[in-house]
Amino acid sequence: MVRAIRGAIQVDSDDRDAIIEGTTELVATLMERNQLTTDDVISVLFTATPDLTSEFPALAARKLGFHEVPLICCTEIDVPGALPRVVRLMAHVETDKPRSEIQHVYLRGAVALRQDIAQ
């Protein structure tokens with residue numbers, strides 16, 4: 001079955017290292033919690049809030065071995081009052097898990113975005 005898994009992390013600053021480190025933590029945690037390998041991943045969409053411009057979040061996934069996986073980065077809508085410095089992702093994966101067992105991952109300050117599904 002194909003499933004979509006959501007996740008987000010708030011990073012400390014608009015700094016290349018902060019974006020790579022935060023995105024690495026997000027992707028690695030999502031993969032671990034859902035017991036996935038890169039072969040299970042169909043594609044990943046990354047978004048970043050408009051205040052993050054120092055690096056593409058997808059670079060972190062490439063460094064984790066996502067060489068054969070299609071990745072794309074987009075800028076989020078600049079909504080007044082939105083949580084700053086957030087990288088989000090939606091991963092499309094192949095898994096036998098039912099939707100009820102999928103673990104969506106919201107880390108650091110991004111937990112506030114989806115307390116209803118954050119693990």
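**Entry 1: Thr23**

I started with the word "buried", which means under 20% relative accessible area. I also noted that this model is predicted. Then I looked up Thr23, and its relative accessibility is 0%, so Thr23 counts as buried. I found Thr23 in helix 1, which covers residues 16-33. Next I checked what Thr23 touches beyond residues up to four places away in sequence, and I got Phe46, Pro57, Ala60 and Val87.

**Entry 2: the sheet**

I wanted the layout of the strands next. Five strands make an open sheet, and I read their order as 3-2-4-1-5. The pairing is mixed. As a reminder to myself, strands of a sheet pair through backbone hydrogen bonds, either parallel or antiparallel.

Which strands stand at the edges? I found strand 3 (71-75) and strand 5 there, and each has a single partner strand, so one side of each has no neighbour in the sheet. From one strand to the next, the twist averages 15°.

I then went through some of the pairs:

- Strand 2 and strand 3 are parallel, with five bridges. Here I saw Phe46 opposite Cys73 of strand 3.
- Strand 2 and strand 4 are antiparallel, with seven bridges. Ser43 sits opposite His92 of strand 4.
- Strand 1 and strand 4 are antiparallel too, joined by nine bridges. Arg3 is opposite Val93 of strand 4.

I went back to helix 1 after this. Helix 1 packs on the sheet and touches strand 1, strand 2, strand 4 and strand 5. I noted an angle of about 145° between the direction of helix 1 and that of strand 5.

**Entry 3: the nonpolar core**

How many residues does the largest nonpolar core have? I got 26 residues. The ones with the most contacts inside this core are Leu30, Val44, Phe46, Phe66, Leu71 and Leu89.

Helix 1 gives the largest share, five residues.

With neighbours within four places in sequence left aside, Phe66 is in contact with Val27, Met31, Thr38, Val41, Val44, Ala61 and Leu71. Two names there, Val44 and Leu71, also stand among the core residues with the most contacts.

**Entry 4: the annotated residues**

I checked the UniProt record, an unreviewed entry, and it lists Arg6, Arg88 and Tyr106 under "binding site". They span 101 residues in sequence, but no two of their C-alpha atoms are more than 8.8 Å apart, so I take it that they gather at one spot. Of these residues, Arg88 is in the lining of the largest pocket.

I placed Arg88 in strand 4 (residues 86-94). Its relative accessible area is 27%, so Arg88 is partly exposed. Leaving aside neighbours within four places in sequence, I counted Gly7, Ala8, Leu45, Phe46, Thr47, Thr49, Glu76 and Leu113 as contacts of Arg88.

Is Tyr106 buried or exposed? I found a relative accessible area of 7%, so Tyr106 is buried. Tyr106 belongs to strand 5 (residues 105-107).

**Entry 5: Phe56**

Where is Phe56 found? I traced Phe56 to the loop between strand 2 (41-48) and helix 2 (58-63). Its relative accessibility is 58%, so Phe56 counts as exposed. Beyond its neighbours within four places in sequence, Phe56 is in contact with Ile20 and Cys73. I also looked at Ile72, which is 16 residues from Phe56 along the chain, and their C-alpha atoms are separated by 9.0 Å.

I ended with backbone angles.

Arg85 has phi near 55°, a positive value, and is not a glycine. I found Arg85 in the loop between strand 3 and strand 4. At 27% relative accessibility, I put Arg85 down as partly exposed.

Arg108 is not a glycine either, yet its phi is positive at about 55°. I located Arg108 in the segment after strand 5. With a relative accessible area of 32%, Arg108 is partly exposed.

Methods:
Residues numbered from 1 in each chain as written. Predicted model: local features only at pLDDT ≥ 70, side-chain atom pairs only at ≥ 80, totals over all residues. Heavy atoms only, no water. Helix = DSSP H or I, 4+ residues; strand = E, 2+ residues; numbered from the N terminus. Buried < 20%, exposed > 50% of the residue type's maximum accessible area, 1.4 Å probe, protein only. Contact = heavy atoms within 4.5 Å. UniProt positions renumbered as here; feature names shortened; annotations may be inferred. 1 Å grid on protein atoms, 1.4 Å probe; cavity = no way out; pocket = protein on both sides within 12 Å on 5 of 7 lines; lining within 4 Å. Core = buried A, V, L, I, M, F, W, Y, C linked by side-chain atoms within 4.5 Å. Pairing = 2+ DSSP bridges. Axes fitted to C-alpha atoms, helices over the stretch in contact; angles between N-to-C directions.
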